[in-house]
Amino acid sequence: MRIMVTGGAGFIGSHTVDALLARGDEVVCIDDFNDYYSPRRKRENLTVAQTSSSFHLYESDIRDFQEMDRIFSIEKPQKVIHLAAMAGVRNSVKFPLLYEEVNVRGTLNLLELASRHGVRNFVLASTSSVYGASKEIPFKEDNAAMKPLAPYPATKRSCELLAHVYHHLYGLHCTALRFFTVYGPRGRPDMTPYLFTQAISLGREITLYDDGRPQRDFTFIEDIIGGVLATLDADLQYEIINLGNSQPVVMRDFVTIIEDLLSRQAEIVSPPLPATEPPLTYADISKARRLLGYNPTASVEEGMRRFIDWYQQEAA
Ligand SMILES: NC(=O)c1ccc[n+]([C@@H]2O[C@H](COP(=O)([O-])OP(=O)(O)OC[C@H]3O[C@@H](n4cnc5c(N)ncnc54)[C@H](O)[C@@H]3O)[C@@H](O)[C@H]2O)c1
């Protein structure tokens, strides 16, 4: 099958590309290699993919409607996995207009073109942060999710709503996947697993909010990729589905796991939790289990061991 993957050079995107190529799909990858973090790292993420004749790379911007139309016309993808976005909650507070342009307009461009070009299934990356500081725990997909804490989750919620419009008006099959703090090899350098591993390795301070009391539902990249491919194959009509681990980790314990793996003590500073951050993320994954057969298996200890192996070999 011919699959378009936007954001294919990024963390989740490059693993998605590799998994699709490994099972014999043709992959049309779109990425603008922007410098939110090192473009060199994004190119390295595609080292293996680039050796495949089934891999077609477009260094293009999803905000450019004409260019996207050109790529749909040439490549005729049957399905789309749309992962390209400006990610990062706190950065979205600094650059809200950029987040709106890339995430909302970029997604709208792709939804419009997917429906015009007869795409059979459109899988969209959303986020656990749409739940804000919801007190309905664990987080379920039927939560209204109307109280985001930052521009980033507000743009992602908008994408979910736009996807519904394209399903309703044109019958486009769309599933929005709400990812819960994804980590693992090729992990983003602006995210906590990377930042803490780097700082502890170098003997620098880490910023652990609110004395490490917050909890996060960390999800290993391989489990996420299993959920993404199952969604691609399921061709559901219109759904929003959580992909998490459903086992929140207290952040102080998360630091201890890294300290043990690195055999080094963390230097901790502990400011209050910023207004952009919820005290807890916790996925109810019963819908993913039911509709996708999703079944995350990696413990945080094992996942972080594999992340740190990668970090020490490739990223440090
Ligand atoms: N990593 C997580 O924990 C997490 C959690 C929730 C949601 N998500 C979502 O999953 C998706 C993938 O996240 P990731 O962690 O792999 O991030 P990432 O930053 O590694 O990947 C995103 C990719 O999109 C590309 N991109 C950005 N703007 C673009 C544009 N205008 N045109 C073309 N390409 C563009 C970037 O260059 C990058 O390679 C994003 O939509 C993100 O919001 C990630």
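Six bridges join strand E6 (residues 174-179) to E11, and the two run parallel. Strands here are DSSP runs (E, at least two residues), as are helices (H or I, at least four residues), numbered from the N terminus.

Two notes on reading what follows. Residues are numbered from 1 along each chain as its sequence is written. In this predicted model, local features need pLDDT of at least 70 and side-chain atom pairs count only at pLDDT 80 or more, while totals for chains, interfaces and linings use all residues.

**Strand E6 and its neighbours**

- With E5, E6 pairs in the parallel sense over six bridges; Val 123, for instance, has Thr 175 in E6 as its bridge partner.
- To get from E5 to E6, the chain passes through helix H6 (residues 151-170) in a right-handed β-α-β crossover (with the strands pointing away from the viewer, the path from the first strand over the helix to the second runs clockwise).
- Six of the six residues in E6 are buried, a term for residues with 20 or more other C-beta atoms, placed from the backbone, within 10 Å of their own.
- Cover comes on both faces of E6: Cys 174, Ala 176 and Arg 178 are buried on one side, and Thr 175, Leu 177 and Phe 179 on the other.

**The whole sheet**

- Seven strands make up an open, parallel sheet, in the order E3-E2-E1-E4-E5-E6-E11; strands pair if DSSP finds at least two bridges between them.
- Its edges are strand E3 (55-58) and strand E11 (238-243), each pairing on one side only.
- From one strand to the next, the twist averages 20°.
- Helix H5 lies across strand E1 (2-6), strand E4 (79-82) and E5, running at about 175° to E4 (axes are lines fitted to C-alpha atoms, for helices over the stretch in contact, and angles run from 0 to 180 degrees between N-to-C directions; contact means C-beta atoms, placed from the backbone, within 7 Å).

**Around the ligand**

- Gly 7, Gly 10, Phe 11, Ala 85 and Ala 125 come nearest among the 28 residues around the ligand (a residue is near if its C-beta atom, placed from the backbone, lies within 6 Å).
- Helix H1 (11-22), helix H5 (96-116) and strand E5 (121-127) each supply at least two residues of this shell, and H1 gives the most, with three.

Note on methods:
Contact = placed C-beta atoms within 7 Å. Buried ≥ 20, exposed ≤ 12 C-beta atoms within 10 Å, placed from the backbone.
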